[in-house]
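The following note sets out points for a colleague who wishes to read this model at the level of individual helices and residues. Please keep the structure in view while going through them.

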Amino acid sequence: MTTLAEHIIVAGAENHPPMLEKSMYDTWASRKRLFIKGKKHGRMMLDSIDNDDCDVQATNIILHGLPLDVYALVNHQETAKDIWDKVKLLMKGTELSYPERKCRLYNLFDKFASIQGEALW
């Protein structure tokens, strides 16, 4: 029995699908769907993500766009829908808006303090 990773290697990639940034899940999900839609048989692949069908090509495209730590958590799933749902669950709550990210950066900056005589390089 072949693994999903082996299917990915066999299928190859014409161009790289959008990579998942953990703080930008919703953007990734919509870009991934557009990427898949533009592929041959894209509608069938999207149906396999929305239903419980096993489409190796859709599975490969999803897995290609995952960071290694997320990939390790979902590569044992058998269908594109299972992978999609698991990634969605893993990324739930990681989306930060621009103002939230800006506020966090300012808070970190405010906490930064230099010590007299300390070199910062």
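1. Terms and basis. A residue is called buried when its relative accessible area is under 20%, exposed when it is over 50%, and partly exposed in between, with a 1.4 Å probe and protein chains only. Helices (H or I, at least four residues) and strands (E, at least two) are DSSP runs numbered from the N terminus. The model is predicted, so local features need pLDDT of at least 70 and side-chain atom pairs count only at pLDDT 80 or more, while totals for chains, interfaces and linings use all residues. Residues are numbered from 1 along each chain as its sequence is written, and side-chain values use heavy atoms, with hydrogens and water left out.

2. Overall make-up. The chain has seven helices and zero strands, and its elements therefore read α-α-α-α-α-α-α from the N terminus on. Of its 121 residues, 32% are buried. Contact here means heavy atoms within 4.5 Å. Among the contacts with a separation of 6 or more, 59% join residues 24 or more positions apart.

3. The nonpolar core. This term denotes a set of buried Ala, Val, Leu, Ile, Met, Phe, Trp, Tyr and Cys residues joined through side-chain atoms within 4.5 Å. The largest such core holds 22 residues, of which L20, Y25, W28, I62, L66 and V87 touch the most other members. At least two residues of this core come from each of α2 (25-37), α3 (42-50), α4 (56-64), α5 (68-74) and α6 (80-91). Leaving out residues up to four places away in sequence, I62 touches W28, K32, I36, I49, A80, I83 and W84.

4. Helix α6. The expected span of a helix is 1.5 Å times one less than its number of residues. For the twelve residues of α6 this gives 16 Å, in agreement with end C-alpha atoms that are 16 Å apart. Its buried residues are A80, I83, W84, V87 and M91. Viewed down the axis of α6, the buried residues fall within an arc of 100°, so they line one face of the helix. The arc is that of the directions from the helix axis to the C-beta atoms.

5. Helix α2. The 13 residues of α2 should span 18 Å at 1.5 Å a residue, which agrees with end C-alpha atoms 18 Å apart. Y25, W28, A29, K32, F35 and I36 are the buried residues of α2. They cover an arc of only 125° around the axis, which puts them on the same side of α2. The face turned away from this buried side carries the exposed residues L34 and K37. The buried residues of α2 pack against α3, α4 and α6.

6. A29 within α2. Which helix holds A29? A29 lies in α2 and counts as buried at 11% relative accessibility. The C-alpha atoms of A29 and V87 are separated by 9.7 Å, although these residues are 58 residues apart along the chain.

7. Packing of α3 with its neighbours. Axes are lines fitted to C-alpha atoms, for helices over the stretch in contact, and angles run from 0 to 180 degrees between N-to-C directions. Angles under 35 degrees count as roughly parallel, over 145 as roughly antiparallel, 65 to 115 as roughly perpendicular and the rest as oblique. α2 and α3 pack at about 140°, with axes 7 Å apart, and are therefore oblique to each other. Here R33, I36 and K37 in α2 meet G42, M45, L46, I49 and D50 in α3. α3 and α4 pack at about 75°, with axes 9 Å apart, and are therefore roughly perpendicular. In this pair, M45, S48 and I49 in α3 meet Q57, A58, I61 and I62 in α4.

8. S48. Apart from neighbours within four places in sequence, S48 is in contact with D53, D55, A58, A80 and K81.

9. Loop residues. H41 is found in the loop between α2 and α3 and is partly exposed, with a relative accessible area of 44%. Phi of H41 is near 65°, a positive value in a residue other than glycine. Most residues other than glycine have a negative phi. Q77 has its place in the loop between α5 and α6 and counts as buried at 17% relative accessibility. Q77 and T59 are 18 residues apart in sequence and 9.4 Å apart in space, C-alpha to C-alpha.
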